[in-house]
Amino acid sequence: MTEASNSQAPADPEFYRSLPKAELHLHIEGSLTAERMLALAERNGVTLPYAAVEDVEAAYQFDDLQSFLDLYYQGMSVLQTESDFYCLTMDYLEVCRREGIVHCEIGFDPQGHTERGIPFATVVSGITRAQDDAHAQWGQSSALIMNILRHLPVTDAFDAVEQARPYAARISAIGLDSSEVGFPPEPFAPVFSAARELGWHCVAHAGEEGPPAYVWGAIVDLAVDRIDHGIRSDEDDALMDLLIKRQMPLTVCPLSNVRLRAVPTMAKHNLMKMLQAGANVCVNSDDPTYFGGFLCDNFAAVARDLPMTINDAAQLARNSIRSSFLTDSQQQPILSNIDRWLEAQR
Ligand code: HPA
Ligand code: ZN
């Protein structure tokens, strides 16, 4: 290892653009920019409580997950046509291109749209058309994760899986999101079994605000391949041992955790402690336009307040690739490019 790779990584988002990495925890509705939201509101005749971009940004002050979700669902109301979902997704895929996100696994919340009368087909065709165009235009690799809103009944989750059946080949995984505390994962076990029968991977948000018991529930009852967030896992030693032994991926979202007050400050975030302990953590942006930064901003924010060497940054990027749904042969060239990036940092 070179000396330079042991030095503190820079708190400059630009530095991380050339680092090849994957983003595995991204809600496409949470990547809606204020500009796009206002434009779509006007086009679709939706009334929002904001007149200008500055009003939107000023409103994004959160006390907890629920206070964010309230605005997140309100923001979604501007998304109505296939073209709206196309533009939303293309905006994010352009970010991937700019930020060196060589592969992304995009979450979407179909129930947030079908509940408002938007057909499932409208949502999926807009998103997948953007994925196809980005792939054709610059080789962007991406996958799709259908998230289930856990605050709604299990029967609604089954309906969502049924509606997804015709598009099953375009969806790689089922996920579980929305309000966590009071909505443990176990009741969704039969839904996850049905998804597994469709050949999908399984992921779930757990241990963001909820207790370690929810992480256990996601692992034992939902048999997930990854945990989204999982930051409260370190309150339970036996759980941490299991996560490390199994190398269970934790898709951590540093700026999100600070903005939703899941952690008091970035300096107190446990990301680097978990990495040093051998946990398979990676960095993600969650809802970037709501939480003040895309993926490179998250890396920079970590570097600003936590001990993160350049070598650690490369390890976080390797973890993101190794934890993705890409096959080994798809992962290998990217992992080699991460090694090359690290070599170039001398
Ligand atoms: N947690 C739970 N649900 C969500 C989130 C999150 O961070 N973002 C969008 N839906
Ligand atoms: Zn999330």
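Are H205 and D286 buried or exposed?

Tutor: Both H205 and D286 are buried, where buried means under 20% relative accessible area, exposed means over 50%, and partly exposed is in between (1.4 Å probe, protein chains only). Before we go on, keep in mind that this is a predicted model, where local features need pLDDT of at least 70, side-chain atom pairs count only at pLDDT 80 or more, and totals for chains, interfaces and linings use all residues. As for the bookkeeping, residues are numbered from 1 along each chain as its sequence is written, chains are lettered from A and ligands numbered from 1 in the order in which they are written, and side-chain values use heavy atoms, with hydrogens and water left out.

Now for the metal. The zinc ion (ligand 2) has H25 (NE2), H27 (NE2), H205 (NE2) and D286 (OD) as its protein donors, at 2.0 to 2.2 Å. A donor is an N, O or S atom within 2.8 Å of the metal (3.2 Å for Na, K and Ca), and sites may look incomplete because water is not among the atoms. The arrangement is irregular because the 4 donor atoms subtend angles of 82 to 174° around the zinc ion.

Along the sequence, the zinc donors follow the spacing H-x1-H-x177-H-x80-D. H205 in strand 5 (residues 201–206) and D286 in the loop between strand 8 (281–283) and helix 13 (288–291) are 81 residues apart, so to speak a link between distant parts of the chain. Helices (H or I, at least four residues) and strands (E, at least two) are DSSP runs numbered from the N terminus.

On a 1 Å grid over the protein atoms alone, a cavity is a set of points where a 1.4 Å probe fits but cannot get out, and lining residues have an atom within 4 Å of a point. Grid points are joined across faces, edges and corners, and the volume is the space filled by probe spheres set on them.

The largest cavity holds about 100 Å³. It has 15 lining residues, and H27, L65, F68, L69 and H205 are the closest to its centre.

Strand 1 has the largest share, 4 residues.

Finally, step back to the whole chain. It has 16 helices and 8 strands, and its C-alpha atoms fill a box of roughly 55 × 40 × 40 Å along the principal axes. H205 and D286 are buried, and buried residues make up 59% of the 346 in the chain.

Key: Tetrahedral: all angles 85-135°; square planar, octahedral: opposite > 155°, others 65-115°. 1 Å grid on protein atoms, 1.4 Å probe; cavity = no way out; pocket = protein on both sides within 12 Å on 5 of 7 lines; lining within 4 Å.
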